[in-house]
Amino acid sequence: MLLKDLILPNGTPVDTSSPASSSSLLNRLQLDDDLDGETRDLFVTVDDPKKHVSTMETYITYRVCTKTSRTEFDLPEYLVRRRYQDFDWLRNKLEESQPTHLIPPLPEKFVMKGVVDRFSEEFVETRRKALDKFLKRVADHPVLSFNEHFNAFLSAKDLNKRQGLALLTKMGESVKFVTGGYKPRARPAEFAAMGDYLDLFTPKLGTIDRIAQRIIKEQSEFLMELREYGPVYSSWSSFEEDLHDPLEGVSGCVSNCSSALEELTEDMSEDFLPVLREYVLYIESMKNVLKKRDQVQAEYETKLEAVVFREDKKTPVPTDVEKCQDRVECFNADLKADWDRWENNKRQDFRHLLTGMADKNIQYYEKCLAAWESLIPLLQDKQEAEGETS
Amino acid sequence: MADSGSEDIAVIGNTDLTPSESENNLKNTMAEKGTSLLKMMEISVAEAEKRTGKNAVNMQETYTVYLIETRPVDAASEGTNPVPDSLWRRYSEFELLRNYLLVTYPFLVVPPLPEKRAEFVWHKLSADNMDPDFVERRRVGLENFLLRVASHPDLSSDKIFYSFLTEENGWKETVFETGFQAKADSRLKALNATFRVKNPDKRFAEMKHYGDELQSVISQLLRVRARAADRLYGVYKVHGNYGRVFSEWSAIEKEMGDGLQSAGHHMDAYAASVDDILEEEEHYADQLKEYLFYADALRAVCRKHELTQYELEMAAQDLTSKKQQREELATGMIRTFSLKGMTSKLFGQETPEQREAKLKMLETQIEEGEELVKERNAECEEFVKSAWVDIERFKEQKDHDLREALISYAIMQISMCKKGIQVWNNAKECFSKM
């Protein structure tokens, strides 16, 4: 689908003259994240973690599989191995080269050695899921997915990270976005609203994280008691005759419930908490992008004011002020589109996260229910059981 | 213990009976073995009340009294439904009754009282005796005690028990008049003494060991259960925090708000549900506690048997040694070393008259000794017979009751799981609407 052939839903042809409007248009059209297979032409997955041991270090690599029909790629399929460092490199490159866009977060870089086992199955799996999500979010982004660093990440046999330097000089302009030092101006209402929302949302996330952790802790302590509780029934059964089977049954039941509880706490640790933490990182990114936008706006307004105060009104507005204006509009459009996309993702992600939490709890109770229900006939079965066991 | 037979035998079902005559009826019918009081009479501990009064050292104290209500069974079936007879008793009077029963029927496994002080509590429950929940559970426990005694084939026909239920005033004096206190002191001494039985009855030794093990395992179970209850309480209550944060969060959301808000309510409901769950579990704990204390009663019976056996052995030993002395004296041969024998050897033999006198005394002692051994032997046999019957009865009761307790525990757990599933399904529905 070529941009110039696009028609808006209301029938008017698309104005593709300015870059800002075309990217925002694409975003508007592809806002629904439930893309059907037809419109999506880039699929990325992260799987198959493997441990590498060398003389210098031990690290994990992940397999990145890409399937695409895009012409920007030489081949329709790619299989490469990447380590966390590479993902980190990619994210930095994206932030540098696409400063007007919100870059999805990576799972945390540093883990305290000794506290967390970097090579445990659970940790590696949790990280893999987060890396997979990261790449999928980039792949689904109408602008980021066309980024050449992303392309290189997915396709290059050897990720020559110094490659970035050459590209950087070409993108010299974008570096200027990062320059600061201009007096900050009032945010337009819609961006102020975004900032306010993020400030209110962040502590909520923190609270939910703390609650979830506390629940896991209490559940773990409850589990510890259960693990002691069940066996007492077993030792009781050892000196009973008629009550032997019922007591053994109760012991087994408690043991089943313990296993179910252990699964629940593990799942919550592995699936629930990391996603919450990811959103905290996402919000940090978003706040930074807002600040960058503020800087670009400040630069423009400062320069504009300088011009306005000139006495000679006849000379036209200098081109660099015009460029600033373009930058502001571009940034605002990109950010607005990314914000909408982010809000949508956030809603889906949290819906998924919380229904997942509910599901895990339901499964836990269903397992316990099954265990206790199957015990009832055993408990009630008196004479028959005695006859069978003798 | 049957009543002394001074009462007249009256006919059951004669509605023209005077109050004293119908009382006699009750007692005489109960005198028949196997007819427990409970078949004749409804008993309940209906209420508990706080009282203040002066105690033995003339100090002000607050205590709880319990209302015991009794009503003849046939009165209810006749449709008249009269007001039940009732009187108030405090815990110490129940204790007095039980001590009396323990002393008077040492061969029976006497039902236990509910605990004096709350033990094995988890943190939310107050260990305070004045706490209304504790008082309520104690009321149920006391009723249970009375029903157990009243349905026991032997205990139910006891006069003191009957008057405990029916005579408000002067009951204490009646109990003390039986002179059980003296027996109580010697019983306590005997139970705490250490002695070794030469030929222990294997069955009783096994039973005592069983009692020890039962007591130990139930204590452990109650302790761990209380700790687990504490933890479970924490798990549920922390979920209540979700309710609050979801509510606050929903205020800053547009489309997600409603789903979050209603999910929050369900989290609150979940947190609140634990109170009922744990209260029900207390009932299970009480059932276990009863058998914890029953184990003690069982051990007491075994201990009493040991004592009886020991006393028999002592008497037999004494008799044997007396017989030996007689033989020595008669034949002049000293078989066993004795100081007297040595001194007589050293300081000369006894005169024939002295020997004659000694022999005569020994003969009397031997006669008495043989009587004693016969008595003690009969006692022992009687004790073993009665005790073993009651132990068998107790075993069956225990197996039945504990099985029932486990079943109701499982049912409780099932109910808890179902509630959990329901709440989380409700929450899930709300989340899916976010």
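## Basis of the model

In this predicted model, local features need pLDDT of at least 70 and side-chain atom pairs count only at pLDDT 80 or more, whereas totals for chains, interfaces and linings use all residues. Residues are numbered from 1 along each chain as its sequence is written, chains are lettered from A and ligands numbered from 1 in the order in which they are written, and side-chain values use heavy atoms, with hydrogens and water left out.

## Chain A against chain B

Chain A brings 53 residues and chain B 56 residues to their contact, where contact means heavy atoms within 4.5 Å. The area buried between the two chains is about 5,500 Å², with 74% of it given by carbon and sulfur atoms; buried area here is the accessible area (1.4 Å probe) that two parts lose on being put together, summed over both.

Between chain A and chain B there are 11 salt bridges, each defined as a side-chain nitrogen of Lys or Arg within 4 Å of a carboxyl oxygen of Asp or Glu. One of them joins A:Glu343 to B:Lys254, at 3.3 Å from N to O. On the side of chain A that touches chain B, the elements that give two or more residues are helix 7 (189–237), helix 8 (244–308) and helix 9 (319–380) of chain A, helices being DSSP runs (H or I, at least four residues) numbered from the N terminus. Helix 9 of chain A supplies the largest share of that side, 22 residues.

## Domain 1 against domain 2 in chain A

The domain assignment divides chain A into domain 1 (41–159) and domain 2 (187–380), with bounds that come from an automatic or database domain assignment. Their centres, taken over C-alpha atoms, are separated by 21 Å, and 20 residues of domain 1 of chain A are in contact with 20 residues of domain 2 of chain A. The area buried between these domains is about 1,800 Å², of which carbon and sulfur atoms give 53%. A:Thr100, A:Leu102 and A:Arg137 supply 35% of the area that domain 1 of chain A buries against domain 2 of chain A, more than any other three residues.

Four salt bridges are counted between the two domains of chain A. A:Lys129 forms a salt bridge with A:Asp271, with the closest N and O atoms 2.5 Å apart. Helix 2 (84–97) and helix 3 (121–140) of chain A are the elements that give two or more residues to the side of domain 1 that touches domain 2, and helix 3 of chain A gives the most, with seven residues.
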